[in-house]
Amino acid sequence: MQAPIGIFGGTFDPIHFGHLRLAEELTESLALKQVVFIPTGWPPHRNRPQTPADHRLFMAELAIAGNPHFSVDAREVRRTTPAYTIDTLIALREKYGDQQPICLLMGADAFLGLPWWRRWQELFDLAHIAVAYRPGFPRESWQNSMSALLRQTLETRLGSVQTLHESAAGRIITLSITALDISATYIRDTLQAGRNPRYLLPDAVLDYIHTHQLYPANPE
Ligand code: ATP
Ligand code: MG
């Protein structure tokens, strides 16, 4: 039995307390060894993020500074071609070996998009998935938004904290975390409207945003 490593991907444009609480609470409830934050480089499933990858990477580093369980991995940011999670996981599997449990962390909205990910069913050969509920995607209605195949995948792979520690990959677990209705979209919109999003994200990240004028206010 080995403590799983959590892998947390996102555009993090910018990283905020919703992300950090998800990582912190899943570290505790799943007894993770560590969480590796992986900012996306060129995400295949959505419009390209408006903020250059290097800035999103620095903001993630500022946000996790001082937490010995958290680290940031720049591998997707450094790619010049679209980075697919399947490729990242193949590389991480080589790095950590066959026995190490690896667990992808994501919010409930991201899980709903899974069927659009490249070779998504093969992800379960390489990792577990831990899904955290997120405001706007409540536990009760969440499953109704899934395709039949995704719902069936969830049902057959449903595991427990123990099974996540006992095998290297293949299980899904769903967890409630402190509901924080924070999104990067809201933070960007707030800044672009000339308002202050402080207390939704770390001060160091907000200072960085101001220094580099990342989401400038739109002229009236
Ligand atoms: P955007 O509004 O630009 O989509 P976001 O706030 O959703 O940004 P992402 O970088 O898209 O942040 O999300 C990365 C991961 O974090 C996803 O798996 C997402 O579900 C999860 N996540 C983001 N915000 C929260 C939150 N407030 N609570 C729980 N999970 C969250
Ligand atoms: Mg999002």
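Trainee: Which residues come nearest to ligand 1?
Mentor: H16, D109, L180, A184 and T185 come nearest, of the 21 residues around ligand 1. A residue is near a molecule if one of its heavy atoms lies within 4 Å of it. This is a predicted model, where local features need pLDDT of at least 70, side-chain atom pairs count only at pLDDT 80 or more, and totals for chains, interfaces and linings use all residues. Residues are numbered from 1 along each chain as its sequence is written, chains are lettered from A and ligands numbered from 1 in the order in which they are written, and side-chain values use heavy atoms, with hydrogens and water left out.

Trainee: What is 2.4 Å from an oxygen atom of ligand 1?
Mentor: An N or O atom in the side chain of T185. For R188, a side-chain N or O atom is 3.0 Å from an oxygen atom of the ligand. The protein covers 91% of the 600 Å² of accessible area that ligand 1 has on its own (Shrake-Rupley method, 1.4 Å probe).

Trainee: How many nonpolar, polar and charged residues are in the shell?
Mentor: The shell around ligand 1 has 8 nonpolar, 9 polar and 4 charged residues. Here Asp, Glu, Lys and Arg count as charged, Ala, Val, Leu, Ile, Met, Phe, Trp, Tyr, Cys and Pro as nonpolar, and the others, Gly among them, as polar.

Trainee: Changing topic, what is the strand order in the sheet of 6 strands?
Mentor: The order is β3-β2-β1-β4-β5-β6, in an open sheet with parallel pairing. Strands are DSSP runs of E with at least two residues, helices are runs of H or I with at least four, and both are numbered from the N terminus. Two strands pair if DSSP finds at least two bridges between them.

Trainee: Which strands stand at the edges?
Mentor: β3 (70-72) and β6 (172-175); each has a single partner strand, so one side of each is left without a neighbour in the sheet.

Trainee: Where do β4 and β5 come in?
Mentor: They pair in the parallel sense over 5 bridges. The bridge partner of C103 is H128, in β5.

Trainee: Which peptide bond is cis?
Mentor: The one from D13 to P14, with omega near 0 degrees. P14 is in the loop between β1 and α1.

Trainee: And which residue has a positive phi although it is not a glycine?
Mentor: A31, at about 50 degrees. A31 lies in the loop between α1 and β2. Most residues other than glycine have a negative phi.

Methods:
Polar contact = N/O pair within 3.5 Å; in protein donor to acceptor, adjacent residues only side chain to side chain.
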